[in-house]
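Okay, thanks for making time, everyone. Let me put the model up, and then we'll walk through the sheets, the helices and the contact between the chains.

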Amino acid sequence: MSAARGEPLLRLEGVSKRFVKSLDLAERVARRFGSDVQEEVVHAVESVDLEIAEGEVLGLVGESGCGKSTLGRVVAGIHPASEGRLTYRGKDITRAAGAEAKKASLKIQMIFQDPFASLNPRLRVAEIVGEAPLFHGLVRRSELAGYVDQVLASVGLDASYRRRYPHQFSGGQRQRIGIARALAVKPEFLVCDESVAALDVSIQAQVLNLFMDLRERFDLTYLFISHDLGVVEHLSDRVAIMYLGRIVEVAPTEELFAGANHPYAQALLAEVPRIDSRRRIFKPVEGEIPSPIDPPPGCAFHPRCPHAFERCRLERPLLKEVAPGRYAACHLNDRS
Amino acid sequence: MAASGEGGVPLLRVEQLQTHFETGAGVARAVDGVTFELNRGEVLGLVGESGSGKSVTGFSILGLVDPPGRVVGGRVLFDGENLVGASESRLRQLRGNQIAMIFQDPMMTLNPVLRIDTQMVEAVRAHHRVDRAEARRRARDALGRVGIPSPEERLSAYPHQFSGGMRQRVAIAIALLNDPAVIIADEPTTALDVTIQAQILYEMQKLCGETGTALLWITHDLAVVSGLADRVCVMYAGRIVESGTVDAVLDSPLHPYTAGLIGSVPSRNRRGGRLVQIPGMTPSLFALPSGCAFRARCPNAQEDCAQEAPPETVPEPGRTLRCYHPVRETVA
């Protein structure tokens, strides 16, 4: 299921998101007197180009602070992009306004990581799930109860739970409520941000199976954000790997796991603990993820990269097609 | 399996340990008859899901269970000495000296308002009569051993000046300070990123290999255990339902719960296929079913499972099992 075929469902062009920590009063006064205080700018997401085809599951992988959640929020319309363009079904939704913006944002829904923090503890399940479709006029009030029951059933929750509060549910069930809430507005595209990370292994398997069932039943497209490569490998058609705000590699899942191109992707794949590897020798990458406030010049990975050479310190590598359907941002590909 | 201590006595032996929490809602049997042994230089993985009692087991060994929790039965034999009911002063002598602990959140170990050197010097001088300079030298060496760059300068930093991975290294350095015989590590890499987790696992593996420290590694992650441990115990609802060498347990699990856990790991399944799932959820400790606690979720459950909890059996040498109807027939 390659994105090359036809018009992608969602296209991101040069999307960036920066967070600016503005100066407080004392700093502004200090600056007036000639002090050298600067606003801190966090480059959370930097010029990301990405296409997601209809019906595809795109896995987005990276370590904490790499900007994967921010990118997910930009896609879901929770954060506006600082720069760049998002196109959904050929329509620019970056600066859309009014009814059109509302329509697009309903089609893209988000499922969050923490099933304890993302549900209002004072609302009953029926209210959590039923609020949005009623507000957006998708169902009439008289039909709401039946509709909520139907949505709950689709995520495997019994209709008798509808009068309960979130605290009466376990973590896995709460995550199902979160999924039901997203499904209630009939979305086409789901952004799942670490949606199974907080769950126990056995419950995680149940929720992953649910995601796969729903994909088939409702023809959903997913942006599946996770730090867990095992989960991403299982679920995704293609995988994008992020490092410090930029996408460093995009490839079909099987090809990526058969052999990654970018040195960071290789390191990440090598370090995934696997149940089949016994008493293995861990050979970690040195160093830590640099701060996105002050990213290193050139390739952001060069201070940790075993293959770094002069050009990596000076020039930022661009994401280029290295094989059909495979993209990587690494100067090593220009050598040889 | 690593060599046992002198005379074949294991370094740490936990016998029929029972830790209960007496609350208004009833008695939660968080740990209910746990028995295992840890030999010198061995890495033992204690695996379970949330609420299985794995962390409480770790806390009980060092007498760190807070009320309303209480160790109500069993023994913890460290080098032959029973730690259950030992005086607080005796436990203080052991903690951080003979038996050290690493927590999931390094800020449970570190005091946020004290510099690293203050905390580490204190930990050395609590157990050894050495002067401040010598204690500081040991602290610096420990930081160097866990791979913290420029340890001398980092000694005078505060915990908030470290990243999460570095903080966990400092916590590990503090655990290593007095060359303990046993380290109890409670999910120490769960909150860390993959590359940082690999760094920590690498350091732990190296250090335990060098010093012969025995390691009790408490985790929910079977994949970490398979890469690190020699033996593994699988806990469910306060009991060890299966134990044995990592190869034996992970390659041919006997308990249906272990088999289900292994089956639900995504990388063990065909890509895109349905994952093997254990139906239902972990039972509340206040309302455990009669008989085997797993029977409501178990594909092999039969009538006798409801009668009485299955006793611990030894299906093969070096393995234990609590199940009437294991995944495959055993010799015993």
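Residues are numbered from 1 along each chain as its sequence is written, while chains are lettered from A and ligands numbered from 1 in the order in which they are written. And keep in mind this is a predicted model: local features need pLDDT of at least 70, side-chain atom pairs count only at pLDDT 80 or more, and totals for chains, interfaces and linings use all residues.

So, chain A. There's an open sheet of 8 strands with mixed pairing, in the order S6-S7-S8-S3-S9-S10-S12-S11. Which strands stand at the edges? Those are S6 (108-111) and S11 (320-323) of chain A, each with a single partner, so one side of each has no neighbour in the sheet. From one strand to the next, the twist averages 25 degrees. Angles, by the way, run from 0 to 180 degrees between N-to-C directions, and axes are lines fitted to C-alpha atoms, for helices over the stretch in contact.

Now look at S9 (238-243) and S10 (246-252) of chain A: they run antiparallel, joined by 6 bridges. One pairing to click on is A:Val239, whose bridge partner in S10(A) is A:Ala251. H6 (171-183) of chain A touches S6 and S7 (189-193), and its direction makes about 170 degrees with that of S6(A). H10 (263-270) of chain A touches S9 and S10, at about 105 degrees to S9(A). "Touching" means contact, that is, C-beta atoms, placed from the backbone, within 7 Å.

Still in chain A, helix H2 (68-75) is mostly covered, with 7 of its 8 residues buried. Buried means 20 or more other C-beta atoms within 10 Å of the residue's own; exposed is 12 or fewer, and partly exposed is in between. The buried ones include A:Lys68, A:Leu71 and A:Val75. After H2(A) comes A:Gly77, with a positive phi near 80 degrees.

How do the chains meet? The contact takes 36 residues from chain A and 38 from chain B. On the chain A side, H7 (201-218), H8 (229-235) and H10 each supply at least two residues, and H7(A) gives the largest share, 9 residues.

Over to chain B. Its open sheet has 4 strands, S2-S1-S4-S5, with antiparallel pairing. S4 (69-78) and S5 of chain B are joined by 2 bridges, and B:Leu77 has B:Asn82 as its bridge partner in S5(B).

Next, helices H6 (164-176) and H7 (194-211) of chain B pack at about 15 degrees, axes 10 Å apart. Among the residues making the contact are B:Arg169 and B:Ile172 of H6(B), and B:Ile200 and B:Glu203 of H7(B).

Last stop: B:Ile148, in the loop between H4 (132-145) and H5 (151-154) of chain B. Is B:Ile148 buried or exposed? B:Ile148 counts as buried, because it has 21 C-beta neighbours inside 10 Å. Leaving aside neighbours within four places in sequence, B:Ile148 is in contact with B:Leu143, B:Arg154, B:Met166 and B:Arg169. B:Arg169 is also part of that H6(B)–H7(B) contact.

Definitions and conventions: Contact = placed C-beta atoms within 7 Å. Pairing = 2+ DSSP bridges.
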